[in-house]
Amino acid sequence: MTGKKRDSLEPVRWKNGVLEAIDTTRLPSRLVYVRMRTVDQVCSAIRSMKVRGAPLIGVVGAYGLVLAAMSVRGGDLEHARSRLRKSADTLVLTRPTGVNLRWAVERVFKASSRARSVKSLSDELRREADMILREELEAAHKIGRFGAALIEDEDTVLTHCNAGSLATAGYGTALAVVRSAVEEGKRVSVIATETRPLLQGSRLTAFELARDGIPVRVICDSAAAQLMAQGVVDKVVVGADRILGTGHVTNKIGTLPIALGAKFCGVPFYVAAPVSTLDLVTDASQVVIEERDQQEVLSVGGKRFSPRNVGALNPAFDITPPELVTGIVTDSGVVRQPLAENIQKMFG
Ligand code: MRU
């Protein structure tokens, strides 16, 4: 079945000096925007995951620094830049694992050196943020085109978390691959893991694929291996929050067991991400795995299921080693094995 055309989602937009982003905590029941006028509001939207997904928080963080620049009045440029530095440092710590946020915020901060006066600062930063938004959207479409070549007619693709429009400037990464294959006329259906604890798969991936008319079924996270063993899954395609020069892939917690299952069952395991997700300097042992609030695990939808006297562990990401990854689909092309060697050749 070819997906029917709908207006595409606009996950983030700048409107008359206000940053607006789809509040993903309200989905699927309500499609509403969170409006941000200050850098503190941006930090809190990212921390609370109203806005989430590595490429999208990069774009939102970039505009966060624009909002910080807009609040600087008076003083000299040096003073203004030192205030921006503080805001940049606060922004990048809101979600420490993904690399896009740091990449985008630092890029916008660097643009502040081009400003000739405090008055022109926010316009200069805004130009850079607009450029990042445009480039990231273009990157998503390129990922889609490169990735679609890996998908065959009638494939069933398993994906984890949400690596779609709602995690990017639009169109997605893993879901860009699916969308692009569908646009080429291939009949593709998707299995979305529900993605505990915050259910990005059953709430967001299911929402945006169903909206596009692409067949999608939700499974419990723990059903992935069984379905791969049964031969129901043709390919796994997931997103990423940080890809190292060695080919290690940091992504939503639960990606590693899917990759292990895929290797055991002989199912190709692809990762789709823009070049802004690459981190060629950090070692796997140094990647900070964000540990989120225990309540996310102990409760579902605000209702506690675990006994009162029990604690939880809540690592938000895991690291999949390169030997489990068949290939990485980027906006510059598909990186195949051996990953470290080919990442170096393409991006080093
Ligand atoms: O914690 P989240 O919801 O921000 O995690 C998102 C993911 O892990 C995605 O797979 C990743 O950011 C890639 S988004 C295109």
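# Notebook: salt bridges, cores and a ligand

Entry 1: I started with Glu 184, which is partly exposed, with a relative accessible area of 48%. For my own reference: buried means under 20% relative accessible area, exposed means over 50%, and partly exposed is in between, using a 1.4 Å probe and the protein chains only. This is a predicted model, so I noted that local features need pLDDT of at least 70 and side-chain atom pairs pLDDT 80 or more, while totals for chains, interfaces and linings use all residues. Residues are numbered from 1 along each chain as its sequence is written, and side-chain values use heavy atoms, with hydrogens and water left out.

Next I looked up the partner of Glu 184. Lys 186 forms a salt bridge with Glu 184, and their closest N and O atoms are 3.1 Å apart. A salt bridge here is a side-chain nitrogen of Lys or Arg within 4 Å of a carboxyl oxygen of Asp or Glu. Lys 186 counts as buried, at 18% relative accessibility.

Entry 2: How many salt bridges does a search of the whole structure find? It turns up 23. I picked out Arg 35 and Glu 20, whose side chains meet at 2.9 Å, N to O. Arg 35 is in strand S3 (residues 33–36) and Glu 20 in strand S2 (residues 18–22), so this pair ties together parts 15 residues apart in sequence. Helices (H or I, at least four residues) and strands (E, at least two) are DSSP runs, numbered from the N terminus. Arg 35 is partly exposed at 43%, whereas Glu 20 is buried at 5%.

Then I checked Arg 242, which forms a salt bridge with Asp 279, closest N and O atoms 2.5 Å apart. The pair links distant parts of the chain: Arg 242 is in strand S8 (residues 242–244) and Asp 279 in strand S11 (residues 278–279), 37 residues apart. Arg 242 is buried at 10%, and Asp 279 is buried at 5%.

I also found a network: salt bridges that share partners join Arg 107, Arg 114, Glu 124, Arg 127, Glu 128 and Glu 135. Glu 135 is in helix H5 (residues 118–148) and is partly exposed at 32%. Its side chain makes a polar contact with the side chain of Arg 107, at 2.9 Å. My note on the term: a polar contact is a pair of N or O atoms within 3.5 Å; within protein, one must be able to donate a hydrogen and the other to accept it, and residues adjacent in sequence count only if both atoms are side-chain atoms.

**Entry 3: helix H6.** Is H6 enclosed or open? Nine of the ten residues of helix H6 (residues 174–183) are buried, so H6 is largely enclosed by the rest of the structure. I listed what its buried residues pack against, including H5, strand S4 (156–159) and helix H7 (200–211).

**Entry 4: the cores.** The largest nonpolar core has 42 residues, and Leu 19, Met 36, Val 51, Val 60 and Leu 65 have the most contacts inside it. Helix H2 gives the largest share of this core, eleven residues. A nonpolar core is a set of buried Ala, Val, Leu, Ile, Met, Phe, Trp, Tyr and Cys residues joined through side-chain atoms within 4.5 Å. I zoomed in on Leu 65: leaving aside neighbours within four places in sequence, Leu 65 is in contact (heavy atoms within 4.5 Å) with residues including Leu 84, Leu 91, Phe 109 and Leu 125. Another core lies apart from the largest one; this one has 27 residues, among them Ile 219 and Val 335.

**Entry 5: the ligand.** I counted 19 residues around the ligand (a heavy atom within 4 Å), and the closest are Arg 52, Arg 95, Gln 200, Asn 251 and Lys 252. A side-chain N or O atom of Arg 95 is 2.8 Å from an oxygen atom of the ligand. For the side chain of Asp 241, the figure is 2.9 Å. Taken alone the ligand exposes 410 Å², and the protein buries 99% of that; these areas come from the Shrake-Rupley method with a 1.4 Å probe, and for residues only the protein chains shown count as cover.

Entry 6: Most residues other than glycine have a negative phi, and most peptide bonds are trans. I noted a cis peptide bond between Leu 27 and Pro 28, with omega about 10°. The peptide bond from Arg 196 to Pro 197 is cis too, with omega near 5°. Tyr 171 is not a glycine but has a positive phi of about 75°.
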